[in-house]
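Please keep the structure in view while reading.

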Amino acid sequence: MNGIKSLYGILSKNTEMQLPDKTSYKVLAAIAVLLIMVPCCIVVGVISYVMTEALLEVESPDGGILFELQILSAFSMIFGILVIFSTLFFSSDREHFVTLPIPAHQLMMGKFLYSYMAESVMEFLILISVFLGFFLAIGRNLGLMAALNPISIISAVIGIALIPLIPLAYCAIFSLILMATLKGVKNSKTFFRISTVFLLLFAGVFLLSLRGIGEINVENYVESLGSGTNLLTRTLNVIFFTVPWLSKAVSGGSILYLLLYLAGNAGIVAILYFCGKLLYQQGLYTAASLGSTKKVGIKDNAMKQSSPFMASLAKEIKVLTRTKAFSANCAYINLLWPAGIFLLFFLTRNKETMQQLIQQYTDGLGRAKFLVALLVIAVSFIATALNSIASTAFTREGQHLSLIKFIPVPYKTQMYAKAAASFIFTFPCLIIMDVVAGCFMHFTIFEGLYYALVMLFAHIISIFIGMSMDSSAPYIVWDDEYSALRGNLNTFFNMAVMMLIALIVGAIGFVVYEFLKLPLSVFYAVMFIILLGGAVYALSACPRYIVLHMKKL
């Protein structure tokens with residue numbers, strides 16, 4: 001056990017970006033907490049409160065918390081499989097650790113413990129919000145004594161710490177078995193594609209759970225949770241079998257179910273330990289053989305000459321598309337925006353609220369147009385920051401970052417190539433989103449072009465602010481690509497800054513239209529001028545700032 005703790009300490013100190021000792025970064029940290037973490041936790045707590053109150057009416061108080069905990073468990077497994085898999089078998093420190101006199105299973109448990117803690121920080125906060133919402137609803141409806149049951153509170157505290165454990169343990173066990181059984185496979189992409197299979201299976205079960213509830217709405221779905229007929233919950237209750245025990249321990253104050261929950265978690269960890277003892281060493285041999293058999297060939301077109309800018313841009317695009325972590329989390333995640341907008345309008349097209357909004361917008365009601373414009377601007381800022389292409393522009397170079405000083409390409413050329421890569425993967429998806437929304441909302445040609453332009457301006461601002469932040473303090477000593485994304489504070493801070501800018505721009509628009517009562521055309525003009533000015537400033541000032549930092553790297 002001491003060996004596992006020591007390994008965890010080494011990994012946690014050497015594989016996470018430390019907050020730079022700058023006042024600006026401390027301010028950014030405070031902004032990130034206030035604008036991202038706190039609102040997220042509040043929203044989750046409110047949802048938990050409302051669901052618990054709704055299910056109390058059908059005498060199923062644990063139905064809501066059970067569903068929320070199962071959903072969190074499912075997402076922990078879906079998004080944790082690649083992280084666990086990469087950490088256990090494809091991390092850059094593998095060659096260093098395997099030469100040390102450390103038992104393979106202890107190395108595996110140390111890596112698993114590190115991944116568990118690093119991946120679960122935000123989930124711990126969300127779980128706190130889930131349980132707070134639950135206890136507030138219980139206290140309001142059943143009395144303070146029911147909410148302050150000591151066994152229930154202890155069970156909730158234990159649940160906060162252990163809910164992510166079994167999903168990630170499943171990921172580790174699955175990775176060990178997969179590496180052992182597919183040792184003849186010589187392409188690592190086969191292993192990484194498994195997360196897509198998990199996601200599709202989860203989506204399929206969720207869609208099946210909508211069958212038989214009548215009209216698809218929140219009320220009917222909550223009723224299916226309370227009656228115990230929801231297919232998704234029933235399926236997840238089998239997979240994550242300890243969660244129902246925890247929900248009964250929390251809702252009923254049962255010490256028996258709490259002990260069962262602890263025993264179930266201990267049993268899964270024991271299985272992981274013995275699987276590691278039997279299979280991890282063999283899996284490391286398989287991972288090593290994948291690297292040793294890789295063939296490198298030179299195609300004829302690889303010898304063709306291209307401009308320094310096009311060569312730098314091609315390099316950026318290849319890194320983003322050929323690296324699993326970057327392709328899934330940076331490049332292709334942008335497709336979710338147009339797909340999400342389409343589903344939002346398609347699934348709610350017959351709802352009274354959506355029909356009223358579309359009708360009001362079509363009729364030229366100023367407030368509807370005002371709200372749509374603000375939403376478009378906010379999404380433009382957030383979408384660019386969310387994919388983190390700009391805010392990891394220099395972090396992606398890793399320990400080879402110093403090469404940007406020695407290759408025969410000017411700093412500005414390299415910088416604009418990185419910016420162009422963000423533009424290529426993000427802006428077309430924003431335009432598609434504009435077109436999809438325009439088809440449902442019946443935008444005029446002028447409105448569609450206006451939204452496209454303000455999207456472009458917001459996108460440019462977000463790109464260059466993200467690159468400025470990453471160039472000033474890039475996270476270069478990372479263990480694998482997932483660590484580069486997860487541990488890079490610049491991504492988190494850039495998101496907070498973009499949310500702050502979106503709030504400021506939205507507040508100005510609110511003052512212009514709602515407080516000063518100026519015409520809608522004036523509101524449009526003010527938003528256009530502010531965003532255009534911000535884009536021009538970003539294009540003129542930020543490149544100098546970025547190049548200055550590139551010279552100091």
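At what angle do helix 19 and helix 23 pack, and how far apart are their axes?

1. Basis. This is a predicted model, in which local features need pLDDT of at least 70 and side-chain atom pairs count only at pLDDT 80 or more, while totals for chains, interfaces and linings use all residues. Residues are numbered from 1 along each chain as its sequence is written, and side-chain values use heavy atoms, without hydrogens and water.

2. Helix pair. Helix 19 (residues 366-387) and helix 23 (residues 489-515) pack at about 165°, with axes 9 Å apart. Helices here are DSSP runs (H or I, at least four residues), numbered from the N terminus. The angle makes helix 19 roughly antiparallel to helix 23 (the term covers angles over 145 degrees).

3. Contact. Helix 19 contributes residues including Phe-370, Leu-374 and Phe-381, and helix 23 contributes, among them, Met-498, Val-505 and Phe-510 (contact means heavy atoms within 4.5 Å). By class, this contact has 16 nonpolar, 4 polar and 2 charged residues. Ala, Val, Leu, Ile, Met, Phe, Trp, Tyr, Cys and Pro count as nonpolar, Asp, Glu, Lys and Arg as charged, and the others, Gly among them, as polar.

4. Cavity. The count comes to 1 cavity of 30 Å³ or more. A cavity is a set of points on a 1 Å grid over the protein atoms alone where a 1.4 Å probe fits but cannot get out; lining residues have an atom within 4 Å of a point. The largest cavity has a volume of about 50 Å³, the volume being the space filled by probe spheres set on the points.

5. Lining. Residues lining the largest cavity include Ser-73, Ile-166, Phe-240 and Tyr-261. The lining divides into 7 nonpolar, 3 polar and no charged residues.

Technical notes:
Axes are lines fitted to C-alpha atoms, for helices over the stretch in contact, and angles run from 0 to 180 degrees between N-to-C directions. Helices (H or I, at least four residues) and strands (E, at least two) are DSSP runs, numbered from the N terminus. Angles under 35 degrees count as roughly parallel, over 145 as roughly antiparallel, 65 to 115 as roughly perpendicular and the rest as oblique. On a 1 Å grid over the protein atoms alone, a cavity is a set of points where a 1.4 Å probe fits but cannot get out, and a pocket is an open set with protein on both sides within 12 Å along at least five of seven lines; lining residues have an atom within 4 Å of a point.
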